[in-house]
Amino acid sequence: MIEMTNITKVYQMGEKKVEALRGVNLSIKEAEFVSIMGPSGSGKSTFLAIMGCLDIPTDGEYLFDKRKVSLLSDDELSHLRNEKIGFVFQAFHLLPRMSSLENVELPLVYKGIHKDERRERAKDCLTKVGLGDRIDHSPSELSGGEQQRTAIARALVNSPRLILADEPTGNLDSKSAEEIMEILSNLNQEERITVVVVTHNPLVAEKTKKVYHLRDGRFDEGF
Ligand SMILES: Nc1ncnc2c1ncn2[C@@H]1O[C@H](COP(=O)(O)OP(=O)(O)OP(=O)(O)O)[C@@H](O)[C@H]1O
Ligand SMILES: [Mg+2]
């Protein structure tokens, strides 16, 4: 599904260059469940943003479903992001004045899907993450773990094949963190969704089936 070869990312800061990624290689097959670990500043978020086609590498090749991402048009890129990839972030990014249901419906509103179908699909996704009885709650009326579960439901509503999660448990206590990893694991096993989790927490990484270690913009030897 994903093949990245010699990916580099250099940020130009005036005169100075920051080499965030220095030649990273990674292949991920359909239905894999992997984590990318590494200390702060090692390039994890940069790498995940490139994988999610939110950012472009300075150099290197990225193939998604055997197609060169660098050759895709803007329309093809947004189609790829919207239809195939679901994003989950550390800070849940829910809209505060909306209920869980409305937050999860939002990606479908942008697509112009009819209200009844929107409701039904959003409810299904909230039920999948165990929030069938919280659909009318706004984010401030939900626990942190429940907010993250709502964000996962929102990521699921377009039936993605890939979920990219950047420190999804970073703002949560250990019990909620475990629940989130359980949900991601179930989605991987039952729906065969490919899941990539970025974390600096070894207890989170050990829930995945494969762990890659980033250090100073490179994977550790052996990977
Ligand atoms: N937009 C940017 N412009 C310049 N430098 C950046 C930018 N984004 C990230 N960097 C630098 O690139 C390096 C990698 O950053 P990145 O955010 O990928 O790290 P990370 O592994 O996700 O860290 P954390 O665990 O703290 O989230 C860091 O040294 C950072 O300062
Ligand atoms: Mg980061």
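How many aromatic pairs does the structure hold? The structure, a predicted model, holds three, where rings of Phe, Tyr and Trp (its six-membered ring) pair if their centres lie within 6.5 Å, with planes under 30 degrees apart counted as stacked, over 60 as edge-to-face and the rest as tilted. In one of them, the ring centres of Phe87 and Phe89 are 6.1 Å apart and the planes meet at 5°, so this pair is stacked. Phe87 is buried, with a relative accessible area of 18%, whereas Phe89 is partly exposed at 33%; here buried means under 20% relative accessible area, exposed over 50% and partly exposed in between (1.4 Å probe, protein chains only). The rings of Tyr212 and Phe219, with centres 5.4 Å apart and planes at 40°, form a tilted pair. Tyr212 is buried at a relative accessible area of 9%, and Phe219 is buried at 11%. Ring pairs also bring in Phe47, which joins Tyr212 and Phe219 in a cluster.

Phe47 leads on to helix α1. Helices (H or I, at least four residues) and strands (E, at least two) are DSSP runs, numbered from the N terminus. Helix α1 covers residues 44-51, and seven of its eight residues are buried, so the helix is largely enclosed by the rest of the structure. Among these buried residues are Lys44, Phe47 and Met51. Just after α1, Cys53 takes a positive phi of about 60°.

A positive phi is also found in the hairpin of β1 and β2, where two residues lie between the strands and Gly14 has a phi near 60°. Strands β1 (residues 2-13) and β2 (residues 16-28) pair in the antiparallel sense over 10 bridges; two strands pair if DSSP finds at least two bridges between them. Within this pairing, Ile2 stands opposite Ile28 of β2.

The next stop is His200, in the loop between β8 (194-199) and α7 (202-205). His200 is exposed, with a relative accessible area of 52%. Beyond its neighbours within four places in sequence, His200 is in contact (heavy atoms within 4.5 Å) with Met37, Gly38 and Glu167. With Glu167, the side chain of His200 makes a side-chain polar contact of 2.7 Å, that is, a pair of N or O atoms within 3.5 Å; within protein, one must be able to donate a hydrogen and the other to accept it, and residues adjacent in sequence count only if both atoms are side-chain atoms.

Residues are numbered from 1 along each chain as its sequence is written, while chains are lettered from A and ligands numbered from 1 in the order in which they are written. In this predicted model, local features need pLDDT of at least 70, side-chain atom pairs count only at pLDDT 80 or more, and totals for chains, interfaces and linings use all residues, while side-chain values use heavy atoms, with hydrogens and water left out.
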